[in-house]
Amino acid sequence: MTPVRAGMIRLLDSVEMARAYTLAVLGAAFGSFLIVRMASSVTFATIILLLCVLGAAILYVRRAELSLLRFAPVSLLAFLLLALISVFWSTDRSETLISWAWTFAFAFLAIAVGHLRDTLQTVRAIGDTLRVLLAISLAVEIFSGILIDLPIVFLDIEGNLALGGPVQGIFGTRNMLGFIAVIALITFVIEWRTQSVIAPVAVPSIALAGFLALLSASPTVLVLAVVVGIVTGALTIVRHTSAARRNLVQWMLGAAAAASLIVAFALRHPIIAWMGAGSDFSTRADLWNQILDFVAIKPFQGWGWFGSWQRGEYPFTYINFLLNDRHETALNSYFDVLLQLGIAGLLLFLVLGGVALIRSWLVASVRKSVVYAWTPLVLVTLAVDSMFESFTLVGAGWFMLVLCALRAGQSRSWRENIDAAHTGVIPTLRGQ
C-alpha cells in the first residue's frame, strides 16, 4: 500500500473526519434554502453529490464495523423501491427519477451520519448546526426588519421583525422556521440535560429557538409545542415508573392518547377557531378534498413519485388550476404520499415512522440516559407536523425521519439479535 493511499485511509477512518462530515451534511440539509438562493440549485446538487460520494468512501473504509442486516430499516428500503418502481406509471419518468435521486441522496446521507455518530454525538452536531443557522436567521431578520427596514426579496424575508412577525429567517417560510425551531428546542434541552454543553450556551440557545418559534407566528408551532410538551410529560412518567408497573402505565397512557385524539377531532372546529387558523385550515381542507378525488382514480399505486410538486406536471397543475392556487405540496405528508404512491406507499410510510416511534419510545422508557428521549420526541414532532406540512418528505425533514428510524432500529431490532448470535457482540460506534 502506497503512503498516499494509507494516509487517505487514515483520514477517512478518523474521528475528526466523521465529526466534520456530520457537520457538513447537517449544514447542507438544514441550510438548503439558503444555499440554493445564495448560489444555485446546481451548486446545491453538486454539494449533495460530493457528500454522498465522501460518505460512501468513509463507510467503505469502516465496512468492518458495519452490518448488512442493520445498515438500513427494511421499511425504508421498501419505500425507496416503491418510489423508484413508480417511474413505470409516472406522468413524467425523467422527473420521477430525478426526484427519487434526491430522496435517495438525503436518505443515504442520514444513513451515513447514523452509522458514523452515536445518539449523543448526533444530538451535539445537530445542536451546533441549528445554533448557527438560527443565529443567522435572527441576524438577517434584524438587518431587514430594523436596520434597513426593507425586505430581502431573494431570501423571501419580509422584514416584519419590528412588527412582531411573522418572520421566516433563512428557511423560506414561517412554518419551516417554526418546525426547525421546535426541533432545535428539543435538541437544546437534551444537550442541557445530558450536560453536553454548559448552561451559558444551553440557556441562550433555548431562548433563541423559543423566540424565533414565537416570532414565526406559525399556527403549527402551537400545536407542536403542546403535543411535544404532553409527550415529554408522558415519557417522563414512564421513565420514572418501576419496571413492574411500566407496562400498565404504558397501556394507560396509550388509552389516554387515543381518547385525546377522539376528543380533539370532535372539538376540531372550536380548537381551530381558538388558534385563529380558520383560513389556513379551510385552504388545506379544500386541497385535501381535491386530492382525494385524484387518489380515487389511482388508489393503489398513485401518480408517481415527485416529492415536492413539479411545475407543469399532472395532476399537480390541474389540482392548482381547480383551486386557483399555487400549492407546491399537499400541505400534508400523508396526503402527499397517498397521491403519489397510493395506499401501498402510505402504508410503508406509516410503518417506517410508526415502527421507529415505537422502538425509540421503548428504548427511551428503559434507558437511564435522557439522550434516548431525543429520538421519540423528534419523531413525534415529524408525525404531527406531517399533518399540516409535507416537510417530512423532502430535504431536512426526510433526512431527520430516516436518521431517527435508523437510530431506533440500531437500539431495538430483530436484526440486533441475529448480529449478536453470529458475532457474540453488538457493534459499537467509535469516537467522542
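This is a predicted model: local features need pLDDT of at least 70, side-chain atom pairs count only at pLDDT 80 or more; totals for chains, interfaces and linings use all residues.
Start by selecting Pro315, which sits in the loop between α13 (278-295) and α14 (316-323). Most peptide bonds are trans.

**Step back to the whole chain**

Now zoom out and colour by secondary structure. What will you find, and how many helices and strands are there? The protein has 18 helices and zero strands. Its radius of gyration is 22 Å, close to the 22 Å that the globule rule gives for 432 residues, so the protein is as compact as a globular protein of that length. Turn the view along the principal axes, and the C-alpha trace spans about 60 × 55 × 55 Å.

Buried residues account for 49% of the 432 residues. If you colour by charge, you will be looking at 28 positive and 23 negative side chains, with the centres of the two sets 13 Å apart.

**Into the core**

Hide the surface and select Leu134, Ile291, Leu339, Trp374, Trp398, Phe399 and Met400. The largest nonpolar core has 118 residues, and these seven touch the most other members. Keep Leu134 and show what surrounds it. Leaving out residues up to four places away in sequence, Leu134 touches Phe171, Leu177, Ile180, Ala184, Phe188, Leu208, Ala209 and Leu212. For the protein in general, among contacts between residues at least 6 apart in sequence, 75% join residues at least 24 apart.

**A threonine in α16**

Select Thr375, in helix α16 (residues 374-385). Is Thr375 buried or exposed? Its relative accessible area is 4%, under the 20% cut-off, so Thr375 counts as buried. Beyond its neighbours within four places in sequence, Thr375 is in contact with Ser360, Cys404 and Arg407.

Most residues other than glycine have a negative phi. The next two stops go the other way.

- Select Asp149, in the loop between α7 (119-147) and α8 (174-193). Asp149 is not a glycine, yet its phi is positive, about 50 degrees. At 56% relative accessibility, Asp149 is exposed.
- Select Leu331, in the loop between α14 and α15 (333-366). Leu331 is not a glycine either, and its phi is positive at about 55 degrees. Leu331 is buried, with a relative accessible area of 15%.

**Two distances to draw**

Go to Arg93, in helix α6 (residues 93-116). Setting aside its neighbours within four places in sequence, Arg93 is in contact with Val87 and Phe88.

For the last stop, select Lys368, in the loop between α15 and α16. With 82% relative accessibility, Lys368 counts as exposed. Draw a line from its C-alpha atom to that of Phe104. How many Å separate the C-alpha atoms of Lys368 and Phe104? The separation is 34 Å, for residues that are 264 apart along the chain.

Note on methods: Residues are numbered from 1 along each chain as its sequence is written. Side-chain values use heavy atoms; hydrogens and water are left out. Helices (H or I, at least four residues) and strands (E, at least two) are DSSP runs, numbered from the N terminus. The radius of gyration is taken over C-alpha atoms; the globule rule is 2.2 Å times the number of residues to the power 0.38. Buried means under 20% relative accessible area, exposed over 50%, partly exposed in between (1.4 Å probe, protein chains only). Contact means heavy atoms within 4.5 Å. Lys and Arg count as positive and Asp and Glu as negative; His and the chain ends are not counted. The place of a charge is taken as NZ of Lys, CZ of Arg, CG of Asp or CD of Glu. A nonpolar core is a set of buried Ala, Val, Leu, Ile, Met, Phe, Trp, Tyr and Cys residues joined through side-chain atoms within 4.5 Å.
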